[in-house]
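Subject: Structure handover

Hello,

Here is the structure I said I would pass on. Please look it over; my notes follow below it.

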Amino acid sequence: MEAKDYVRDYRRYLKLQRGYSPNTLDAYLHDLDKLLAYLQREHKHVTEVELADLQHFAAGLHDIGIHPRSQCRILSGVRSFYRFLQIDGYIDNDPTELLESPQIGEHLPEVLSTEEIDSMEESIDLSTNEGQRNRAIIEVLFSCGLRVSELCTLLISNLYLDEKFIKVNGKGSKERLVPISPKAIHELELWFIDRNSLNIKPGEEDYVFLNRRGHHLTRTMILIMIKRQAIKAGITKTISPHTLRHSFATSLLEGGADLRAIQAMLGHESIGTTEIYTHIDTTTLRREILEHHPRNMHKQL
């Protein structure tokens, strides 16, 4: 049997024996799709899965910054699926019996919704010198999933806006191409109008984001701005620039993006001690972010 045949029987089981509503059914199967996509990439049949395979999958969810509560929900759905396979005799042993879920009792990184991102941007006073710059910063962090250090060192010479890509200098001076949304491009173009009026210091000409004195921004400057803007927008969550990176990854995953594509866009090389992600070309990256990031799904300018 193919994976789709097991999923068909599983759906029937959830509907008829568990009595789940259509919305609940869709939620269970949506989460299960993430595992099935991973197994397909690893050329692993659903009935041949071992604990180690599931641990690698779970580690992948953690490594791209998915909130632990979302991890727990996804893994709960995986357990339900394999209990069904065992009950119906498709497998002899349940590989999820020793699969651990992340701890959620400790302080957890927050995740912002697209609506909260919009609220932060809309609360910015565009009449100030830094207004449009700050709006562009928030949008680029959310639309591209950059680390704050990557945003600080982002160069104009590494922007390929006609092709809708930017080149990012990540950890270990490793470069990667990341798709950029039309809305982020729009906010950048508006910022460049204001940027042209600055007295830019020698050696700073290629940096995208500058302060009013013509120097490139520091991590601390961006951290303070993000926190202040969240408060102004009425957001009570404890957030930082990295929150926008978590939000980027979470929104893509929840939108159905390929886990390996998210991994590549974030600039991660491995998960845990096992490197399970392979090279993925920029065409695939672009397709994933265009199809699954909310900025593109809502077709905002």
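Is R8 buried, partly exposed or exposed? R8 counts as partly exposed, because its relative accessibility is 44%. Please keep in mind that this is a predicted model.

Salt bridges

A search of the whole structure finds 15 salt bridges. One of them joins the side chains of R8 and D5, with 3.3 Å from N to O. R8 and D5 sit 3 residues apart in helix α1, so about one helical turn separates them. D5 is buried, since its relative accessible area is 18% and the cut-off for buried is under 20%. The pair also belongs to a network of salt bridges that links D5, R8, D9 and R12.

K4 forms a salt bridge with E2, and their closest N and O atoms are 3.9 Å apart. K4 counts as exposed at 59% relative accessibility, while E2 counts as partly exposed at 49%.

A further salt bridge runs between R212 and E130, where the closest N and O atoms are 2.5 Å apart. This pair links distant parts of the chain: R212 is in the loop between α8 (182-195) and α9, E130 is in the loop between α5 (114-122) and α6, and 82 residues separate them. R212 counts as exposed at 53% relative accessibility, whereas E130 counts as buried at 16%.

The second largest pocket

E130 turns up again here. The second largest pocket holds about 450 Å³ of space. Of its 19 lining residues, E130, R133, N134, M225 and R228 are the closest to its centre. The most comes from α9, with 7 residues. By type, the lining divides into 7 nonpolar, 5 polar and 7 charged residues.

In soluble globular proteins, nonpolar side chains tend to be buried together. The largest nonpolar core in this model has 39 residues, and Y10, L32, L35, F57, F81, Y82 and I262 have the most contacts inside it. The elements that give two or more residues to this core are α1 (3-16), α2 (22-41), α3 (51-63), α4 (68-87), α10 (241-254) and α11 (259-266). Leaving aside residues up to four places away in sequence, F57 touches K34, L35, Y38, I74, L75, V78 and L259. Another core, of 37 residues, lies apart from the largest one and has I117, L146, L159 and I166 among its members.

Regards

Technical notes:
Residues numbered from 1 in each chain as written. Predicted model: local features only at pLDDT ≥ 70, side-chain atom pairs only at ≥ 80, totals over all residues. Heavy atoms only, no water. 1 Å grid on protein atoms, 1.4 Å probe; cavity = no way out; pocket = protein on both sides within 12 Å on 5 of 7 lines; lining within 4 Å. Points joined across faces, edges and corners; volume = space filled by probe spheres on them. Helix = DSSP H or I, 4+ residues; strand = E, 2+ residues; numbered from the N terminus. Nonpolar A, V, L, I, M, F, W, Y, C, P; charged D, E, K, R; others polar. Core = buried A, V, L, I, M, F, W, Y, C linked by side-chain atoms within 4.5 Å. Buried < 20%, exposed > 50% of the residue type's maximum accessible area, 1.4 Å probe, protein only. Contact = heavy atoms within 4.5 Å. Salt bridge = Lys/Arg side-chain N within 4 Å of Asp/Glu carboxyl O.
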